[in-house]
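Hi,

Here is the structure I promised to pass on. Have a look, and then read on for what turned up in it.

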Amino acid sequence: MENSHKSDFRKSCIKRLEFESRFSKIYKNKKIVRKLYTFIKNYRAKTVLLYVPMGMEVDVKPLINILRREKVDVYVPYMVDDSFKVVKYRLPLKTKKFGIKEPNNSLFKGKKIDVAIVPVVGIDGLCKRIGFGKGMYDRFFYRLNYKPCIVFTQLKLCKTPEILSNDYDIQADYIITH
């Protein structure tokens, strides 16, 4: 059972993200995508885990397109049971559970992920992720037998000095926001 502090913090962060004006959202998206691209290039990542963005998340679709043109292997989550596996990003996308868009499933075994770009709702005092509360990213990274570089991203930084996370919640190596 989740503590009420974490739940209240999640709700307040979601409210803040929902109130971002359309104009500032477009501007912030471009700025953040540029920072993410520079980070990935400087890191010399060959395989990147991204995500298909939902409304309040950083729109990384332009980044996906740029990386694919530059022959970087781009993977996205594909929901399976209580977590997800990674599949190569490709069209068409289908809307699935929770309104999440995904490419078709693949039996292809993905390569090791160098950099994982992870959307967050908020960040606690330990730089751990507060997501939508389903725990899919936490379970995914917990079950990996290696640790990629994890970069959290969000349109507007929503951080608390409080420690709201659990031991299993994932922690950022870097945070890239507006």
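First, a term: contact here means heavy atoms within 4.5 Å. This is a predicted model, so local features need pLDDT of at least 70 and side-chain atom pairs count only at pLDDT 80 or more, while totals for chains, interfaces and linings use all residues. Residues are numbered from 1 along each chain as its sequence is written, and side-chain values use heavy atoms, with hydrogens and water left out.

Let's start inside. Leaving aside neighbours within four places in sequence, Leu49 touches residues including Tyr75, Phe84, Ile117 and Phe141. Buried, by the way, means under 20% relative accessible area, exposed over 50%, and partly exposed in between (1.4 Å probe, protein chains only).

Next, the sheet. Helices (H or I, at least four residues) and strands (E, at least two) are DSSP runs numbered from the N terminus, and two strands pair if DSSP finds at least two bridges between them. Six strands make an open sheet in the order 3-2-1-6-9-10, with mixed pairing. Strand 3 (83-88) and strand 10 (174-177) are at the edges with a single partner strand each, so one side of each has no neighbour in the sheet. Further in, strand 6 (residues 115-119) runs parallel to strand 9 (residues 149-154), paired over five bridges. In that region, Val118 sits opposite Phe152 of strand 9.

Now the charges. How many salt bridges are there? The count is five, taking a side-chain nitrogen of Lys or Arg within 4 Å of a carboxyl oxygen of Asp or Glu. One of them joins Lys6 and Asp169, with the closest N and O atoms 3.0 Å apart. That pair links distant parts of the chain, 163 residues apart: Lys6 is in helix 1 (residues 4-18), and Asp169 is in the loop between strand 9 and strand 10. Lys6 is buried at 6% relative accessible area, and Asp169 is buried too, at 5%.

Lys88 and Asp73 form another, at 2.9 Å between the closest N and O atoms. Lys88 lies in strand 3 and Asp73 in strand 2, so this pair ties together parts 15 residues apart in sequence. Here Lys88 is partly exposed at 33%, whereas Asp73 is buried at 13%.

Cheers
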